[in-house]
Amino acid sequence: MHSACLCNRSLTIVRSVYWLMRDTKHFLDMLQERGIRPEWVEDTIAGPDLLEDQPDGTQHYLKRVADHGGRWLRVVVDTRQQPPARITVFFDRRLQDTQP
């Protein structure tokens, strides 16, 4: 199980509203381990191509990243927490052929 430590905070614009989002240790570890640029995450949250509301209370922000071969970036945010917490981030291979 991943640590619930919320290690970092960032200001993210979502639909013209400023949200203070917290980052879990797992999220920060995945950024580094997977070579995901922070600006890709910010762009995905600020202007997702797709937004999925999940039954577990998370929102999944998805966006094609042109600078990474057009692959889909998925950012998972726990919206039940206040402020919301970014839980994990990864390139989703299941969406390779999906159009926004």
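**Ground rules.** The model is predicted, so I note that local features need pLDDT of at least 70, side-chain atom pairs count only at pLDDT 80 or more, and totals for chains, interfaces and linings use all residues. Residues are numbered from 1 along each chain as its sequence is written, and side-chain values use heavy atoms, with hydrogens and water left out.

**Entry 1: Thr44.** I found Thr44 in helix H2, residues 38-46 (helices are DSSP runs of H or I with at least four residues, strands are runs of E with at least two, and both are numbered from the N terminus). Is Thr44 buried or exposed? Thr44 is buried, at a relative accessible area of 0% (buried is under 20%, exposed over 50%, partly exposed in between, with a 1.4 Å probe and protein chains only). Beyond its neighbours within four places in sequence, I listed contacts of Thr44 with Tyr61, Leu62, Lys63, Leu73 and Val75 (contact means heavy atoms within 4.5 Å).

**Entry 2: helix H2.** Which residues are buried in H2? I noted Trp40, Val41, Thr44 and Ile45. They lie on the same side of H2, because they cover an arc of only 130 degrees around the axis (the arc is that of the directions from the helix axis to the C-beta atoms). An α-helix has 3.6 residues a turn, so residues three or four places apart point the same way.

**Entry 3: Thr88.** Thr88 is in strand S6, residues 85-91, and is buried at 13% relative accessibility. I looked up its contacts, leaving out residues up to four places away in sequence, and they include His26, Phe27 and Met30. The side chains of Thr88 and His26 also form a polar contact of 3.0 Å (a pair of N or O atoms within 3.5 Å; within protein, one must be able to donate a hydrogen and the other to accept it, and residues adjacent in sequence count only if both atoms are side-chain atoms).

**Entry 4: salt bridges.** How many salt bridges are in the whole structure? I have eight (a side-chain nitrogen of Lys or Arg within 4 Å of a carboxyl oxygen of Asp or Glu). One of them joins Arg86 and Asp23 at 2.6 Å, N to O. This pair links distant parts of the chain, with Arg86 in strand S6 and Asp23 in strand S2 (residues 17-24), 63 residues apart. Arg86 is buried at 3%, and Asp23 is buried at 2%.

Arg94 and Asp92 meet at 2.8 Å, N to O. Arg94 is exposed at 65%, whereas Asp92 is buried at 4%. I also noted a network of salt bridges linking Glu52, Arg74, Asp92 and Arg94.
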